[in-house]
Amino acid sequence: MSEYDWTLMYVMHDALRRELEHLAEVTAREDDDPRRLLAAAAGWELFKLSLHAHHTAEDEALWPVVRETLAGRADDLALLDAMEAEHAAVDPLIEAVDTGAEPVGEIVDALATALTAHLAHEEKEAIPLIDATLKAEQFQNFGQVHGRHVGPNAPRVLPWLLDGVDDATAAATLSVLPEPARTAFETQWQPAYRALQRWPTA
């Protein structure tokens, strides 16, 4: 049994996987320039923003503290090295989708392969290691750092994050917010998100 509740980590991972599917559909279209479509797509902007916040929080508040605790444990440190290398491999692919010379469909395929493999690797090996290593205050700090990196984008990111999750997961996620923010989610943030066309339609 886990020491900590990693629900939000898995919700983020599932949201990223969900959007990769939409990204692949857009870039597979032959009736328009995929880069032009993505430049105007709210879904692509939200994907990049959320992924950046998530990976930056891990790079700042997760891997360093775990690495400190695991000093001298070569196999476990190698896993952390792999996590950081996988993060570093994703960033150039994101940039290349927007500005690269290569066909965008090929880059998106490479991005989907790299990110999907990373998420699975993290879930299978890294999260159990982190769960057994982190102190409670470090786990709480990671959540706070993650929240700071989402920051003023929370009204857009939270409904995106919770798109399609079950009611219990949504309620658990929203329970950590102050009451005014929960009210804003129900009355403003979620309706605005539902009215948003994240990806271009065929």
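Reader: Where does D91 sit?
Author: D91 is in helix α5; helices here are DSSP runs of H or I with at least four residues, numbered from the N terminus. This is a predicted model, where local features need pLDDT of at least 70 and side-chain atom pairs count only at pLDDT 80 or more, while totals for chains, interfaces and linings use all residues. Residues are numbered from 1 along each chain as its sequence is written, and side-chain values use heavy atoms, without hydrogens and water.

Reader: Is D91 buried, partly exposed or exposed?
Author: Partly exposed, because its relative accessible area is 48% (buried is under 20%, exposed over 50%, partly exposed in between, with a 1.4 Å probe and protein chains only).

Reader: Which elements give two or more residues to it?
Author: α3 (42–61) and α5 (74–99).

Reader: Switching to T56: which helix, and buried or exposed?
Author: T56 is in helix α3, and T56 counts as buried because its relative accessibility is 16%.

Reader: What lies 2.6 Å from a polar atom of the T56 side chain?
Author: The backbone oxygen of H52.

Reader: And D131, where's that, and buried or exposed?
Author: D131 is in helix α6 (residues 104–133). D131 counts as buried, because its relative accessibility is 10%.

Reader: How many residues apart are D131 and H87?
Author: They are 44 residues apart in sequence and 20 Å apart in space, C-alpha to C-alpha.

Note on methods. A polar contact is a pair of N or O atoms within 3.5 Å; within protein, one must be able to donate a hydrogen and the other to accept it, and residues adjacent in sequence count only if both atoms are side-chain atoms.
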